Amino acid sequence: TIFSDPKTVSDLSSEEYQSSLLRKQVLQDSVRITLENPLFGVGPGVFAVHMANEAKRNGKWANWLVSHNAYTQVSSEMGFPGLFFYLAAIVSAWVSVIGIWRDRRQSPLIRSIALSVICSLTGLGVAFLFAADAYVPWLPVVMGLAVALKMAVKDSARRELQPISAVAPAYSPNPWIAASRVAPIPVLEGVAPIPAKVQSGPAPKYRFLGRPLRNPKRRSD
């Protein structure tokens, strides 16, 4: 209905055509408000109020509708600077995840996650052309996933390049535990002594969310 014209008289009076005319009018109003207030706009979330006051001054009926386009919604309410930063945030998140997806050195799981984030950002970018959802939490959530994925991949690459000693601190056992281990085990009469459990090899390294613990404990098998 946005890009087609009515062909019959019944189409002119149909609800779809009237809704299409209203959406086109609101979109044109948002572009006009952007050009009239290019620097700061009319304020976030104030487009419907501004248009209602304008309709009241002109003696018209107020529709109380927002722009059916998230980009013109941002531009009319926050001006061209707000639109620039809004688009820059979306494009930067999209480009960063594209780089992860195109990197053949990444594991198939990481590339699949990156592709999912790319599809989500692309779908939201297209849907925002037909819906005034500039302030809904969907976009910040997907952008947060993109940033978290980029930071995780970067941290993983940094850990692969560093030696283990630089990633985790050296193991320093508790002196009380060490003293108890070297102390002789008393042997009761008629009872076979319990063999001490000796752990061979390097001490296990415990990490929480990719970070070494402050006081890791040695675990025996």
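The structure is a predicted model, and its mean pLDDT across the protein is 76. A score of at least 70 is reached by 64% of the residues.

**Confidence**

- Of the protein's elements, helix H5 (residues 108-127) comes out with the highest mean pLDDT, at 92.
- At the other end sits helix H8 (residues 175-182), whose mean pLDDT of 48 is the lowest among the elements.
- Residues 176-182 have a pLDDT below 50, and apart from near neighbours in sequence that stretch makes one contact in the model.

**How H4 and H5 pack**

- Two packed helices are described by an angle and a distance between their axes.
- For helix H4 (residues 70-102) and H5, the angle is about 160° and the axes lie 9 Å apart.
- Angles over 145 degrees count as roughly antiparallel, so that's the label for H4 and H5.
- The crossing of H4 past H5 is left-handed.
- On the H4 side, the residues that meet H5 are Tyr-71, Ala-93, Trp-94, Val-97, Ile-98, Ile-100 and Trp-101.
- H5 brings Ile-110, Arg-111, Ala-114, Leu-115, Val-117, Ile-118, Leu-121, Thr-122 and Gly-125 to the contact with H4.
- Sorted by type, the residues of this H4 and H5 contact come to 13 nonpolar, two polar and one charged.

**A look at Ile-110**

- Ile-110 belongs to helix H5, and it is one of the residues there that meet H4.
- Leaving out residues up to four places away in sequence, Ile-110 touches Ile-100, Leu-149 and Val-153.
- Take Leu-149: 39 residues separate it from Ile-110 in sequence, while their C-alpha atoms are 8.3 Å apart in space.

**Salt bridges**

- The model has four salt bridges by the rule used here.

How values were computed:
Residues are numbered from 1 along each chain as its sequence is written. This is a predicted model: local features need pLDDT of at least 70, side-chain atom pairs count only at pLDDT 80 or more; totals for chains, interfaces and linings use all residues. Side-chain values use heavy atoms; hydrogens and water are left out. pLDDT is the predictor's confidence in each residue, from 0 to 100. Helices (H or I, at least four residues) and strands (E, at least two) are DSSP runs, numbered from the N terminus. Contact means heavy atoms within 4.5 Å. Axes are lines fitted to C-alpha atoms, for helices over the stretch in contact, and angles run from 0 to 180 degrees between N-to-C directions. Angles under 35 degrees count as roughly parallel, over 145 as roughly antiparallel, 65 to 115 as roughly perpendicular and the rest as oblique. A crossing is left-handed if the near helix is turned anticlockwise from the far one by less than a right angle, and right-handed if clockwise. Ala, Val, Leu, Ile, Met, Phe, Trp, Tyr, Cys and Pro count as nonpolar, Asp, Glu, Lys and Arg as charged, and the others, Gly among them, as polar. A salt bridge is a side-chain nitrogen of Lys or Arg within 4 Å of a carboxyl oxygen of Asp or Glu.
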